[in-house]
Amino acid sequence: MHATHDAVDRQRFERDYALFRERHPAYLTTGALDELRAREFARLDAQRHVYLDFTGSGLYAASQVRRHGELLLGGVYGNPHSSNPASSASTELLESTRRRVLDFFRADANEYALIFTANASQALKLVGESYPFEPGDQFLLTFDNHNSVNGIREFDRARGARTLYVPMVPPELRVDETVLLRFLDGAATGRHNLFAFPAQSNFSGVQHPLAWVDWAQERGWDVLLDAAAFAPTNRLDLTRVRPDFVALSFYKMFGYPTGVGALLARHAALAKLNRPWFAGGTINVASVQADRFILAAGAAAFEDGTPDFGNIPAVADGLDLLDAIGIELIHERVVALTDWLMREMLALRHANGRPLVLLYGPAATEGRGGTLTFNFYDQNGRAVDHLEVERGAGERHISLRTGCFCNPGAGELALGLSRDELEHCFSDGTRMTYEDLRSCIDPHEAGAVRVSLGPVSNFADAWAFVEYARTFVTR
Ligand SMILES: Cc1ncc(COP(=O)(O)O)c(C=O)c1O
């Protein structure tokens with residue numbers, strides 16, 4: 001019985017795969033990624049794991065771990081804040097990795113500094129806490145932003161500046177550019193104006209146009225680009241677009257090392273920032289009795305304490321891997337799989353004709369990445385609890401993400417939650433949890449399901465998810 005089942009599934013898989021390849025001939029040019037998966041990511045198939053949370057984290061190749069292990073075992077590395085041989089060895093590695101990162105993003109070292117951080121959030125916080133906000137200044141950001149960007153509003157408010165949010169328009173969840181231009185035209189003259197947006201939404205997968213960087217800069221804004229969700233499968237070329245600040249996390253690009261991110265900052269923009277404190281590693285000198293300190297120049301002033309010298313060099317291995325494959329090839333594959341997945345999911349219907357899937361964000365691949373967020377609806381039009389979807393997926397070894405993905409603005413617009421409704425829920429919520437919010441709103445509607453594709457995603461992963469989705473269809 002089971003074997004027959006398997007044979008039928010196999011036949012359907014082969015038929016769907018053939019149709020997919022016919023529709024996406026470009027996918028055939030990305031075969032190097034299948035070889036890479038077999039060679040470097042064998043653990044995925046050995047464990048029958050369908051990994052669909054690349055926006056949560058990338059995965060590391062076996063050789064990245066091996067190479068880094070060899071590096072650590074082959075040297076003596078000490079605290080870089082010294083000048084002994086072990087310290088110099090660490091410093092050399094840190095500096096060569098810094099150059100490697102700048103090269104990867106095609107950033108001219110005369111124009112950009114590279115600051116190592118713990119993750120994208122810390123990079124964003126460095127900008128938020130150091131940006132010279134004063135009364136009359138403005139912080140402009142899209143509704144579509146990770147909480148680590150939203151949180152910057154607390155710094156600007158504490159210093160009397162204004163926070164302005166640019167809304168997005170459902171169902172595509174893109175920004176109306178005439179509205180954006182109106183906001184950008186409102187830069188306060190002679191004041192500090194900071195504009196932040198994600199190059200790719202971690203909620204909807206929308207890729208907001210990088211042309212906004214120039215538009216904003218021409219109108220007097222400093223631009224903070226959150227590239228955390230964009231950089232893993234898209235080329236960010238800092239000769240083509242020159243944001244003042246770029247934040248990212250390396251584990252999202254290639255899984256390992258965790259705990260290392262970066263702030264790429266134009267030297268001129270960096271010079272505008274005022275650090276709110278000093279720490280070990282950030283100063284030339286400090287005195288207790290003279291009550292003075294002199295900050296170090298450039299990037300060093302922003303790297304608090306001892307940098308993660310044991311892990312940072314592993315960033316170069318990840319970048320080497322991406323370069324060896326070519327990020328354009330990865331992009332090609334992700335686009336093809338996203339297109340197929342989206343079409344198949346949107347075609348799923350209950351026997352009464354109602355669609356199973358409500359997708360939040362664009363239903364075509366243009367201007368979007370490989371992140372798909374949606375809810376399943378039953379035949380009566382009621383949302384299936386996203387936690388139930390996650391549980392069922394887990395039973396099939398499918399890793400996906402549910403909730404609001406730390407992007408409340410996009411979530412609120414996508415799910416149609418009104419300001420009144422949300423203010424009411426927060427009214428006595430000094431200790432409110434996500435569960436409290438779920439029970440205040442309709443818990444079924446208070447979150448969504450997200451699947452996201454990455455470098456070693458393949459057709460079988462996408463197919464396995466659609467098979468799982470089919471189990472929610474009422475025949
Ligand atoms: C778009 C975006 N920005 C920022 C972050 C924060 O990254 P981290 O948690 O690594 O600091 C994330 C993480 O999911 C993200 O997707």
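Colleague: Which residues are around the ligand?

Modeller: This is a predicted model, in which local features need pLDDT of at least 70 and side-chain atom pairs count only at pLDDT 80 or more, while totals for chains, interfaces and linings use all residues. Residues are numbered from 1 along each chain as its sequence is written, and side-chain values use heavy atoms, with hydrogens and water left out. A residue is near a molecule if one of its heavy atoms lies within 4 Å of it. The residues around the ligand are Asn 119, Ala 120, Ser 121, His 146, Asn 202, Asp 226, Ala 228, Ala 229, Ser 249, Tyr 251 and Lys 252.

Colleague: How far from an oxygen atom of the ligand does a polar side-chain atom of Lys 252 lie?

Modeller: A polar contact is a pair of N or O atoms within 3.5 Å. Ser 121 has a polar side-chain atom 2.6 Å from a ligand oxygen atom, and an N or O atom in the side chain of Tyr 251 is likewise 2.6 Å from an oxygen atom of the ligand. For Lys 252, the distance from a polar side-chain atom to an oxygen atom of the ligand is 2.8 Å.

Colleague: What share of the area that the ligand exposes when taken alone does the protein bury?

Modeller: Accessible areas come from the Shrake-Rupley method with a 1.4 Å probe. Taken alone, the ligand exposes 390 Å², and the part of this that the protein buries is 89%.

Colleague: Why is the pair of Tyr 17 and Phe 459 stacked?

Modeller: Rings of Phe, Tyr and Trp (its six-membered ring) pair if their centres lie within 6.5 Å, and planes under 30 degrees apart count as stacked, over 60 as edge-to-face and the rest as tilted. The ring centres of Tyr 17 and Phe 459 are 4.9 Å apart and their planes lie at 15°, so the pair is stacked.

Colleague: How many residues apart are Tyr 17 and Phe 459?

Modeller: Helices are DSSP runs (H or I, at least four residues), numbered from the N terminus. Tyr 17 is in helix H1 and Phe 459 in helix H19 (residues 459-470), so that the pair links distant parts of the chain, and the separation is 442 residues.

Colleague: Is Asn 193 buried or exposed?

Modeller: Buried means under 20% relative accessible area, exposed over 50%, and partly exposed in between (1.4 Å probe, protein chains only). Asn 193 has a relative accessible area of 2%, and is therefore buried.

Technical notes. Helix = DSSP H or I, 4+ residues; strand = E, 2+ residues; numbered from the N terminus. Polar contact = N/O pair within 3.5 Å; in protein donor to acceptor, adjacent residues only side chain to side chain.
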